[in-house]
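I opened the notebook to look up helix packing and aromatic contacts. The entries follow in the order I made them.

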Amino acid sequence: MTGSTKTPRERYRQQVREEVKEKAWQQIAGSGASALSLNAIAKQMGMSGPALYRYFANRDELITELIRDAYRSLADAFIAAAAGSGGAGRPGLTGLAKVLRRWALADPHRYFLVYGTPVPGYHAPADVTAIASELMAVLLDACAAVAPAPAPAAIPDTEPHAFEEHLAAHRAWAGSHPDAPPPALRLALTFWSRLHGVLSLELAGHFTGMGLDPALLFDAEVDRLVTP
């Protein structure tokens with residue numbers, strides 16, 4: 001028989017860590033991530049502060065775990081959606097948009113922890129950034145399939161757009177797609193910024209009272225992005 005089984009001590013440790021994260025999400029829902037307190041969580045769980053610090057060394061480690069879980073769940077959902085649609089093309093890009101909205105609406109506090117106002121004094125470690133890069137890699141795959149082909153290098157009296165030139169020289173964020181053409185990069189950035197803009201406004205309640213259906217607005221933005 002291969003593999004290993006966690007010891008009772010390891011299972012208990014994992015159980016406590018999961019309970020701490022559950023209490024943390026409750027705190028975030030009530031007071032925001034900046035007010036997260038390990039001592040308050042310890043009190044809720046009937047533990048001393050020092051006892052809880054054996055499971056999470058400090059507040060930043062707990063926040064990192066929450067953000068890592070959030071990014072991982074979205075990245076896994078993106079990867080599954082891309083695989084289910086063949087990984088590219090308009091259904092892929094539209095499918096990713098639907099996944100993003102479902103994920104955001106399912107847990108707005110999780111969404112805002114990742115894409116809302118940064119927690120003061122907190123800096124995410126490299127492995128969290130790597131998970132975020134997985135999301136962008138899936139998105140770039142879909143965008144590369146629908147973005148218009150780059151224009152020929154020499155066209156009389158044609159000037160490249162300033163932002164296209166900027167993207168051609170600043171593509172480090174593209175990660176595993178260093179050779180992606182500027183139109184695909186621009187589509188990915190437009191997709192990400194425009195849809196997050198709609199979602200952030202919706203989740204913050206800014207469409208309340210306007211008589212608009214946020215779902216229809218979101219779908220209309222997606223249609224504009226995927227229509228040549």
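Entry 1. I started with the residues that join α8 to α9. On the α8 side I found Phe 163, Glu 164, Leu 167 and Ala 168, and they meet Pro 182, Pro 183, Leu 185, Arg 186 and Leu 189 of α9. The model is a predicted one, and I read it as such.

Entry 2. I then looked up the geometry of this pair. The axes of α8 (residues 162–169) and α9 come within 9 Å and cross at roughly 100°. Angles of 65 to 115 degrees count as roughly perpendicular, so α8 is roughly perpendicular to α9. Sorted by class, the contact of α8 with α9 has seven nonpolar, no polar and two charged residues.

Entry 3. I asked at what angle the axes of α1 and α6 cross. For α1 (residues 8–31) and α6 the crossing is at roughly 85°, with the axes coming within 10 Å. The two helices α1 and α6 are therefore roughly perpendicular to each other. I listed the residues that make the contact: Trp 25, Ile 28 and Ala 29 from α1, and His 109, Arg 110 and Leu 113 from α6. By class, I noted four nonpolar, one polar and one charged residues in the contact of α1 with α6.

Entry 4. I turned to the rings and noted seven aromatic pairs in the structure. In one of these, Tyr 71 and Tyr 115 sit edge-to-face, 6.0 Å centre to centre and with 85° between the planes. This pair links distant parts of the chain, since Tyr 71 is in α4 (residues 59–84) and Tyr 115 is in α6 (residues 108–115), 44 residues apart. Is Tyr 71 buried or exposed? Tyr 71 has 13% relative accessibility and so counts as buried, the cut-off being under 20%.

Entry 5. I looked up a second pair, Phe 78 with Trp 192, which is also edge-to-face: 6.1 Å centre to centre, 80° between the planes. Phe 78 lies in α4 and Trp 192 in α9 (residues 182–203), 114 residues apart, and this pair too links distant parts of the chain. Both Phe 78 and Trp 192 are buried.

Entry 6. I checked which residues make up the aromatic cluster. Tyr 71, Phe 78, Trp 103, Tyr 111, Phe 112, Tyr 115 and Trp 192 form one cluster.

Entry 7. Last, I looked for charges over rings. The charged end of Arg 17 sits over the ring of Phe 56, 4.2 Å from its centre. Arg 101 lies over the face of Phe 218, 5.9 Å from the ring centre.

How values were computed:
Residues are numbered from 1 along each chain as its sequence is written. This is a predicted model: local features need pLDDT of at least 70, side-chain atom pairs count only at pLDDT 80 or more; totals for chains, interfaces and linings use all residues. Side-chain values use heavy atoms; hydrogens and water are left out. Rings of Phe, Tyr and Trp (its six-membered ring) pair if their centres lie within 6.5 Å; planes under 30 degrees apart count as stacked, over 60 as edge-to-face and the rest as tilted. Helices (H or I, at least four residues) and strands (E, at least two) are DSSP runs, numbered from the N terminus. Buried means under 20% relative accessible area, exposed over 50%, partly exposed in between (1.4 Å probe, protein chains only). A charge sits over a ring if NZ of Lys or CZ of Arg is within 6 Å of the ring centre and within 35 degrees of the ring normal. Axes are lines fitted to C-alpha atoms, for helices over the stretch in contact, and angles run from 0 to 180 degrees between N-to-C directions. Angles under 35 degrees count as roughly parallel, over 145 as roughly antiparallel, 65 to 115 as roughly perpendicular and the rest as oblique. Contact means heavy atoms within 4.5 Å. Ala, Val, Leu, Ile, Met, Phe, Trp, Tyr, Cys and Pro count as nonpolar, Asp, Glu, Lys and Arg as charged, and the others, Gly among them, as polar.
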